Amino acid sequence: MSQSVSKSTSQATGKIHEIVKWPDPVLAKRGEDVTVFDAKLKKLVEEMFESMYAAQGIGLAAPQINISQRITVIDCSFKKNPDEKVVLINPEIIERKGKQVEEEGCLSLPEIREKVSRAAWVKVRAQDVNGNPIEMEGEELLGRAMQHEIDHLDGVLFIDRLSRLKRDFVVRKIKKLQKNGEW
């Protein structure tokens, strides 16, 4: 099941938000549940899509733009198919099957890519931008993106899913980039 958030008439009219980088504390805490479904939320969702596209991503969670709320947007087609635009508000994974190990990256961890083990298929329960309950299934890239973005809403980054040795290596690399003013 796929869900479109707009009628594809929007032309990058919204604000482009800056992506928060690790180790910003907002990335490490659980986002607040969304309780108000209004025009302001719809505008934020459109801005999240535009910010994600501007950063060359296929998924973005609200904490990544310094908004600690349980909102995520995904577009595995990267603007090629408007029907593949997904909005998940207050999502939770209710079922998982199988296993896939693939390389992942993250807009909050630029230039860092590592192999991460995830479920091969997931079923998610969430709300749409109007507050209506939805259930959605995802496998392969969509399933991976859903798990990655929902992790963000729970304060978990993909590097938290690495072995301790790999995570330590990544953290050292980031600290070196920070020291050199490149982060």
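Modeller: Let us start with Glu 111, which is part of strand β5. Helices (H or I, at least four residues) and strands (E, at least two) are DSSP runs, numbered from the N terminus. This is a predicted model, in which local features need pLDDT of at least 70 and side-chain atom pairs count only at pLDDT 80 or more, whereas totals for chains, interfaces and linings use all residues. Residues are numbered from 1 along each chain as its sequence is written, and side-chain values use heavy atoms, with hydrogens and water left out.

Biologist: What is the phi of Glu 111, and is this residue buried or exposed?

Modeller: Its phi is positive, about 70°, although Glu 111 is not a glycine. For accessibility, buried means under 20% relative accessible area, exposed over 50%, and partly exposed in between, with a 1.4 Å probe and protein chains only. Glu 111 is exposed because its relative accessible area is 66%. A positive phi also occurs at Phe 78, again a residue other than glycine, with a value near 45°. Phe 78 sits in the loop between β2 (71–74) and β3 (86–97), and its 23% relative accessibility makes it partly exposed.

Biologist: Which residues does a cis peptide bond join?

Modeller: The bond between Trp 22 and Pro 23 is cis, with omega about 15°. Pro 23 belongs to the segment before α1 (39–54).

Biologist: How does one read confidence, and what is the mean pLDDT of the chain?

Modeller: pLDDT is the predictor's confidence in each residue, from 0 to 100. The chain has a mean of 92, and 93% of its residues reach 70 or more. Over residues 1–12, however, pLDDT stays under 50, and for this stretch the model has 27 contacts beyond four places in sequence. Contact here means heavy atoms within 4.5 Å.

Biologist: Is Arg 118 buried or exposed, and which side chain does it join through a polar contact?

Modeller: A polar contact is a pair of N or O atoms within 3.5 Å; within protein, one must be able to donate a hydrogen and the other to accept it, and residues adjacent in sequence count only if both atoms are side-chain atoms. Arg 118 is in strand β5, residues 109–118, and it counts as buried because its relative accessibility is 6%. Its side chain forms a polar contact of 2.8 Å with that of Asp 151. Asp 151 lies in helix α2 and likewise counts as buried, at 7%. Beyond four places in sequence, Asp 151 touches Arg 118, Val 156 and Arg 161, while the corresponding contacts of Arg 118 include Glu 104, Arg 144, His 148 and Phe 158.

Biologist: Where does Gln 127 lie, and with which side chain does it make a polar contact?

Modeller: Gln 127 is in strand β6, residues 121–127, and is partly exposed at 23% relative accessibility. A polar contact of 2.7 Å links its side chain to that of Asn 90. Ser 163 and Glu 32 are 131 residues apart in sequence and 28 Å apart, C-alpha to C-alpha. Ser 163 is in the loop between α2 and α3 (164–179).

Biologist: Which residues line the second largest pocket?

Modeller: Its lining consists of Val 34, Val 36, Asp 38, Lys 40, Leu 41, Lys 43, Leu 44, Glu 47 and Gln 69.

Definitions and conventions. On a 1 Å grid over the protein atoms alone, a cavity is a set of points where a 1.4 Å probe fits but cannot get out, and a pocket is an open set with protein on both sides within 12 Å along at least five of seven lines; lining residues have an atom within 4 Å of a point.
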